[in-house]
Amino acid sequence: LMQLGRRHLSYGVGAPHFQTLGRAFNLTLAEILGDDFSQEVAAAWTMAFNFMSSIMLEGLQCAMLERAVSTSGDRVSLSNASTRLASDADDLSTLSAADLCDSEPSSNASVCEGRDV
């Protein structure tokens, strides 16, 4: 997963993309599973997604820091990149199942119903 995260640097991926991907996966699971997409399923998927994406973000962060050092050698740039990535990772690590629901509760299974998003 670290190597996969490293490769995502060349794709221009950042933490906000992982949040979008998490929402897309939950919407897909909700559509495919229908009534079987329960709160427990959403919570389990969210935990697995956050675990995997945190490792990938760590690999992405390493690749970004290596690129910053190799292209500029500027410690200020390296520090700024590290701070930004740490903030992005913190934002992602606090996602819950509710955060990964679409803004249209009617398009999701019961896990998102009645939730103000």
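How many aromatic pairs does a search of the whole structure find? The search turns up three, where rings of Phe, Tyr and Trp (its six-membered ring) pair if their centres lie within 6.5 Å. One of them is formed by phenylalanine 25 and tryptophan 45, with 5.3 Å centre to centre and 80° between the planes. That makes the pair edge-to-face, the label for planes over 60 degrees apart, while those under 30 count as stacked and the rest as tilted. Phenylalanine 25 sits in helix α2 and tryptophan 45 in helix α3, so the pair ties together parts 20 residues apart in sequence.

A word on the model itself: it is predicted, local features need pLDDT of at least 70, side-chain atom pairs count only at pLDDT 80 or more, and totals for chains, interfaces and linings use all residues. Residues are numbered from 1 along each chain as its sequence is written, and side-chain values use heavy atoms, with hydrogens and water left out.

Now for the two helices (DSSP runs of H or I, at least four residues, numbered from the N terminus). The axes of α2 (residues 15-33) and α3 (residues 39-71) come within 11 Å and cross at roughly 150°; axes are lines fitted to C-alpha atoms over the stretch in contact, and angles run from 0 to 180 degrees between N-to-C directions. The two are therefore roughly antiparallel, the term for angles over 145 degrees. The contact (heavy atoms within 4.5 Å) involves, among them, Phe18, Phe25 and Leu29 of α2 and Trp45, Phe49 and Leu60 of α3. By class, this contact has 12 nonpolar, four polar and no charged residues; Ala, Val, Leu, Ile, Met, Phe, Trp, Tyr, Cys and Pro count as nonpolar, Asp, Glu, Lys and Arg as charged, and the others, Gly among them, as polar.

Valine 13, in the loop between α1 and α2, touches His8, Phe18 and Leu60, leaving aside residues up to four places away in sequence.

As for confidence (pLDDT, from 0 to 100 for each residue), the chain has a mean of 74, and 61% of its residues reach 70 or more. Helix α4 (residues 75-93) is lowest, at a mean of 54, and helix α1 (residues 2-7) highest, at 92. Where pLDDT is low, the predicted coordinates should not be read in detail.

Methods. Angles under 35 degrees count as roughly parallel, over 145 as roughly antiparallel, 65 to 115 as roughly perpendicular and the rest as oblique. pLDDT is the predictor's confidence in each residue, from 0 to 100.
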